[in-house]
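Here's a friendly walk through one protein model. Take a look at it first, and then we'll go through some of its residues.

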Amino acid sequence: MSKAKQKKQQRFKQIENHLRNYRNYQAGIKNLQNQLDYILPNITAKYEILEGSVGSFVFKSTTEDFAIDRIEGKRALQLHEDIAIFQLIIDSIDNAIKELESHEKEFVKLRYFQNWTYSKTALEMGYTERNLFFVRQNVREKLMISLKNILNLEV
């Protein structure tokens, strides 16, 4: 097998891994957001729009200002970054799937999101495993283009 073909297979395996973890990314966002909410409990802030400004948060005490500055350090920034990466992956997958044919969408849903076996997926879709192979090839080619942006993300 040529190096180019091996590299292409490796890239598609990365995409498949992201597809299989789609629901985990959704749960991860909720859990990371809960952790952020735990870190920042009951901070009394109000949002004000002053004349000539876009608007800003106004805190009621210097203690709260200090707490926000400390909390928004490494830990909170890392949580924000992780949420942004997970959301980027989810949004990218959603956009890519919108462009697939209906039978290709069903294949992705059953095979990757629900982690069904190849045989069970073929049976459910009414395809032979050989015909499903051709569906997978079409999906593979389309997703290799539309999900190229998530290949090198570190999760």
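Leu-36 counts as buried, at 3% relative accessibility. Buried here means under 20% relative accessible area, exposed means over 50%, and partly exposed lies in between, using a 1.4 Å probe and protein chains only. You'll find Leu-36 in helix 2, residues 22–39. Helices (H or I, at least four residues) and strands (E, at least two) are DSSP runs, numbered from the N terminus.

What does Leu-36 contact, leaving aside its neighbours within four places in sequence? Its partners are Ala-76, Leu-79, His-80 and Ile-83, where contact means heavy atoms within 4.5 Å. Leu-36 and His-80 are 44 residues apart along the chain, and their C-alpha atoms are separated by 8.3 Å.

## The model as a whole

This is a predicted model, where local features need pLDDT of at least 70 and side-chain atom pairs count only at pLDDT 80 or more, while totals for chains, interfaces and linings use all residues. Residues are numbered from 1 along each chain as its sequence is written, and side-chain values use heavy atoms, with hydrogens and water left out.

The protein has 7 helices and 2 strands. Starting at the N terminus, the order is α-α-β-β-α-α-α-α-α. Of the 155 residues in the protein, 31% are buried. Take the contacts between residues at least 6 apart in sequence: 63% of them join residues at least 24 apart.

Now for helix 7, which covers residues 129–146. It has 18 residues and reaches 25 Å from its first C-alpha to its last, close to the 26 Å expected at 1.5 Å a residue. That expected span is 1.5 Å times one less than the number of residues.

Which residues of helix 7 are buried? They are Leu-132, Val-135, Arg-136, Val-139, Arg-140, Leu-143 and Met-144. They cover an arc of only 165° around the axis, which puts them on the same side of helix 7; the arc is that of the directions from the helix axis to the C-beta atoms. As background, an α-helix has 3.6 residues a turn, so residues three or four places apart point the same way. On the other side of helix 7, Arg-130 and Ile-145 are exposed. The cover over the buried residues includes helix 1 (3–20), helix 4 (74–98), helix 5 (102–113) and helix 6 (118–125).

## Charged partners

The whole structure holds 3 salt bridges. A salt bridge is a side-chain nitrogen of Lys or Arg within 4 Å of a carboxyl oxygen of Asp or Glu. One of them joins Glu-141 and Lys-8, at 3.4 Å from N to O. That pair links distant parts of the chain, with Glu-141 in helix 7 and Lys-8 in helix 1, 133 residues apart. Glu-141 is partly exposed at 36%, and Lys-8 is partly exposed at 30%. Arg-136 and Glu-16 form another salt bridge, at 3.2 Å from N to O. Here Arg-136 sits in helix 7 and Glu-16 in helix 1, 120 residues apart, and both residues are buried.

Lys-142 pairs with Glu-104, the closest N and O atoms being 2.8 Å apart. Lys-142 is partly exposed at 33%, whereas Glu-104 is buried at 2%. And Arg-140? It is buried yet has no salt bridge; the nearest side chain of opposite charge, Glu-141, is 4.5 Å away. For charges, Lys and Arg count as positive and Asp and Glu as negative, with His and the chain ends not counted. Not counting residues up to four places away in sequence, Arg-140 touches Lys-8, Gln-9 and Phe-12.

Thr-121 belongs to helix 6 and is buried, with a relative accessible area of 0%. Leaving aside neighbours within four places in sequence, Thr-121 contacts Phe-107, Leu-110, Arg-111, Trp-116 and Leu-132. Thr-121 and Leu-132 are 11 residues apart along the chain, with C-alpha atoms separated by 8.4 Å.

A search of the whole structure finds 4 aromatic pairs. Rings of Phe, Tyr and Trp (its six-membered ring) pair if their centres lie within 6.5 Å; planes under 30 degrees apart count as stacked, over 60 as edge-to-face and the rest as tilted. Phe-107 and Tyr-112 form an edge-to-face pair, 5.8 Å centre to centre with 90° between the planes, and both are buried.
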